[in-house]
Each structure stands twice: as structure tokens, then as C-alpha cells.
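Thanks for taking a look at this one with me.

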Amino acid sequence: MSEHTDQPRPGGPDDRPTTAHTRPPGVGDATVAAVGKLSEALETAEQARGNLYAFHQLTGKADLLLGEAADALREAGHTDQADLVEREIVGRNVIPGHWTFQIVESYNATYHRPFTAVEQQVRDQLVDGRDHLHEAEMKENRRTHGHPHHTAGP
């Protein structure tokens, strides 16, 4: 039977960040900060991309609901209005020549994939490909060493 305790247990002597989360030899503060800013920019673009996917899904859902609305109008005897909704709005492009999936595809091909490739290339060239060095150093500086809920790793 295991014993449960809420008392802090100190981390062992190996309670240090992994190599993946420590700066390579010779890498200075300015480089870590600059690469961190580049990664932060990518994270912001990832949020924008998530919003773009939300836009895509919500617009698609709206279009399906429009179809249901047209059916309901028709069933209620409003054929002219049902025809208007179907003709003018159902299946309509959101910008000339594009449904939202095409916008997502263009964003990914034109912006997102090149951005992630360049960010990876810069990290590979300057910090041996290591990710989140700025945050890892912030964690190391802010955590309470020896506290079980402030360990360097999982």
C-alpha cells in the first residue's frame, strides 16, 4: 500500500534541466533573447492560424445552418425567401473565388509553413535546434529548487 503525503519532498541532485532546455556553450543572452522573440512570433502566428481554422469551421457551420433555414422557410410556405437564401448565400464564396478551406490552404502554403521552416532553421543555426530556451531559463530562475512542485522536469 502506498503512503500519501502532502509534505514537500526535495528534488534529488539530478534536479536540473535537460540538455534540450539549456543553452549550448558559447550562446549569449542576446542570442537566446532574439531566438526567443522569433519563437514568440511563431506562437502568435499559431494563435492566428487557430483563429483562421475557427473562422473556417464557423463559416462552414453557418453555411450548413443556412441550408436548414432555407428548408425551414420552404416548409413554412415561404418559397421565394427560401430560394433567395439558397441562391444568394448558401455556398457563397467568402472572398472572390474562395471558400474558407482555400483561404486556410493558402495561408498554410504561403505563410505558415515557410514561417515554421525559417524559425526552425534559425534555431538550428544559432542554438542547436533547442526550443524554448528563454522560457526554460526563466523557469530555472523562478522555481523553488528542492520543492516537489518546482522540479526541472516531469
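Predicted model: local features only at pLDDT ≥ 70, side-chain atom pairs only at ≥ 80, totals over all residues.

1. Let us start with the largest pocket, which has a volume of about 220 Å³. Its lining is made up of 13 residues. If you want to find the middle of this pocket, look for Thr59, Gly60, Asp63, Arg92 and Val94, the lining residues that lie nearest its centre.

2. Which helices supply at least two residues each to the lining of the largest pocket? They are helix H1, covering 29-75, and helix H3, covering 100-127. H1 gives the most, with 6 residues. By class, the lining of the largest pocket holds 6 nonpolar, 5 polar and 2 charged residues.

3. The second largest pocket contains about 170 Å³ of space. Its lining includes Arg16, Pro17, Thr18 and His21, and also Glu135, Ala136, Lys139 and Glu140. Ala152, Gly153 and Pro154 are lining residues of this second pocket too. Sorted by class, its lining has 4 nonpolar, 3 polar and 4 charged residues.

4. Now to the helices. Two packed helices are described by the angle between their axes and the distance between the axes. For H1 and H3, the angle is about 165 degrees and the axes are 10 Å apart. Angles over 145 degrees count as roughly antiparallel, so H1 and H3 are roughly antiparallel to each other. The crossing of H1 with H3 is left-handed. In their contact you will find 18 nonpolar, 8 polar and 4 charged residues.

5. How is H1 placed against helix H4, residues 133-142? Here the packing angle is about 110 degrees, and the axes lie 8 Å apart. The range from 65 to 115 degrees counts as roughly perpendicular, and H1 and H4 are therefore roughly perpendicular to each other.

6. To see the meeting of H1 and H4 for yourself, pick out Val32, Gly36 and Glu43 on the H1 side. Their partners in H4 are Leu133, His134, Glu135 and Glu137. By class, this contact has 2 nonpolar, 2 polar and 3 charged residues.

How values were computed:
Residues numbered from 1 in each chain as written. Heavy atoms only, no water. 1 Å grid on protein atoms, 1.4 Å probe; cavity = no way out; pocket = protein on both sides within 12 Å on 5 of 7 lines; lining within 4 Å. Points joined across faces, edges and corners; volume = space filled by probe spheres on them. Helix = DSSP H or I, 4+ residues; strand = E, 2+ residues; numbered from the N terminus. Nonpolar A, V, L, I, M, F, W, Y, C, P; charged D, E, K, R; others polar. Axes fitted to C-alpha atoms, helices over the stretch in contact; angles between N-to-C directions. Parallel < 35°, antiparallel > 145°, perpendicular 65-115°, else oblique. Contact = heavy atoms within 4.5 Å. Left-handed = near helix turned anticlockwise from the far one by under 90°.
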